[in-house]
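Let's take a friendly walk through a protein model. Have the sequence and the 3D view ready, and follow along as we go.

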Amino acid sequence: MRHFCYLSIEDCTGKLNNFIKYQDLPTLPALDVEVFTIDGSLFMAFAQYRTHGKYNYKVDSYIYKLNESAGNFTLHQTINTTGALHIEYFMIADKHYIAIANYWDGSIYNLNSSVFQWNGHSFELCQNISTSGATSFNFFKIHSELFLAVTNSYDGSSSRINSSIYKWEDNKFEELQEIRTQYAWASTVLTIDNETFIVFANWNDSDPSHSSDVMKWSGKKFIDPKFPQIFGLNVRDLKSFTIDDTVFLAFATMSGIVIYKWDGEKFVNVNQTFSKPRNVCSVHTFTMCGQTFLCATGFSSSELVLYVHSESKFMAMYQDIENKDWPTIVTSFEHKGHTYLAVANFYGSNSIVYKSGLKWF
């Protein structure tokens, strides 16, 4: 999800400061963070994978709420999860939901993942969805129809298993379509010339012919548009974004960040090399004061790196944030005129919120 700065370009007459630590939030090994607003209150949810030390995958995931008067986040609710990898927030009509992808319980990958609905005070279970090594949910709309994509990665014996598209029908999600993927980790949905596409990020070791799957909406289901294959081995995450009417895809791969752009007919590699991080775990884009930023986390480098878009490429490194607790996922949000980064950490006992500011002349 892209987040936009409250300040207009004209308001940004000062110099942007680097992001600095704002708050530590106690977490277990966390693999995702999602930020959302309900009735004017700001929430931050962490998908927690397991305990520290002697591994137990049946652990609660945490939901924090911003205390406006104190200016910090406090624990609001815990939710029973099992090896949770991803949290997706969305709204249907005036109701609030989160979907949590459960990966495994320490021995079994074929588990239920869950959708929770806000009851006015907390989230409560409203639907279970059968999954196999679930890695992500992705809520999206096509015209007036509502969908939820789930990426499945492993069933205990094979990684060439189906991911699924669900459609909202009669106040619940019904499976519409299965799509063959290979150890799928994430998906993104984008619109080009009034056509809707979904792209799956597949993790595989040696076969580039199944590295990333692009599917096109036909009006009833997603079909193969016969695009030239997007190559890239060991893809863990991807995001789509638009700059000056050009659509881009950013992939997090073991060899680094890889970016494609739409040339009017197909996606082409922009052939840009990023110095860091390697072994990329996640990518995220956001706008701040009229500029587009790309941030990425590294598997083993314990880095959170931000690049700023300039002269048609992400040329300049804006900031390299040292984080020794293995940052896995980062997302951005705005609050009272400032941009924040929420970072889920896998090691250590805390995840972190960073805040940027403006130095006015």
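## A residue to start with

Is Asn-345 buried or exposed? This model is predicted, and in it Asn-345 has a relative accessible area of 1%. Anything under 20% counts as buried, so Asn-345 is buried.

Where does this residue sit? Asn-345 belongs to strand S28, which covers residues 338-345. Leaving aside its neighbours within four places in sequence, Asn-345 is in contact with Thr-27, Leu-28, Pro-29 and Ala-30, and also with Asn-323, Asp-325, Trp-326 and Pro-327. Asn-350, Ser-351 and Ile-352 complete that list of contacts.

## The whole chain

The protein chain has 30 strands and zero helices. Along the principal axes, its C-alpha atoms fill a box of roughly 55 × 45 × 40 Å. For 361 residues, a compact globule would have a radius of gyration near 21 Å, and the 19 Å of this chain agrees with that.

How much of the chain is buried? Of its 361 residues, 58% count as buried. Among contacts with a separation of 6 or more, 46% are between residues 24 or more positions apart. The chain exposes about 15,700 Å², and carbon and sulfur atoms supply 46% of that area.

Let's zoom in on one pair. Strand S21, residues 256-262, pairs with S22 in the antiparallel sense over three bridges. Look for Lys-261 there: its bridge partner in S22 is Val-268.

Most residues other than glycine have a negative phi, and most peptide bonds are trans.

Which peptide bond is cis? The bond from Lys-276 to Pro-277 is cis, with omega near -5°. Pro-277 is found in the loop between strand S22 (267-269) and strand S23 (280-288).

Two residues to look up for their phi values are Tyr-183 and Cys-289. Tyr-183 is not a glycine, yet its phi is positive, near 50°. Its place is in the loop between strand S14 (172-180) and strand S15 (184-192). Cys-289 is not a glycine either, and its phi is about 55°. You can find Cys-289 in the loop between S23 and strand S24 (291-298). With 8% relative accessibility, Cys-289 counts as buried.

## Cysteines and disulfides

A disulfide is a covalent bond between the sulfur atoms of two cysteines. How many disulfides does the structure hold? The count is zero. Take Cys-295 as an example: its nearest cysteine sulfur, that of Cys-281, is 12 Å away, and Cys-295 is in no disulfide. For a disulfide, the two sulfur atoms would have to be within 2.5 Å.

What about the surroundings of these residues? Cys-295 is buried, with a relative accessible area of 0%, whereas Cys-126 counts as partly exposed at 41% relative accessibility.

Key. Residues numbered from 1 in each chain as written. Predicted model: local features only at pLDDT ≥ 70, side-chain atom pairs only at ≥ 80, totals over all residues. Heavy atoms only, no water. Helix = DSSP H or I, 4+ residues; strand = E, 2+ residues; numbered from the N terminus. Buried < 20%, exposed > 50% of the residue type's maximum accessible area, 1.4 Å probe, protein only. Pairing = 2+ DSSP bridges. Contact = heavy atoms within 4.5 Å. Rg over C-alpha atoms; globule rule 2.2 N^0.38 Å. Areas by Shrake-Rupley, 256 points an atom, 1.4 Å probe, with all protein chains shown as cover.
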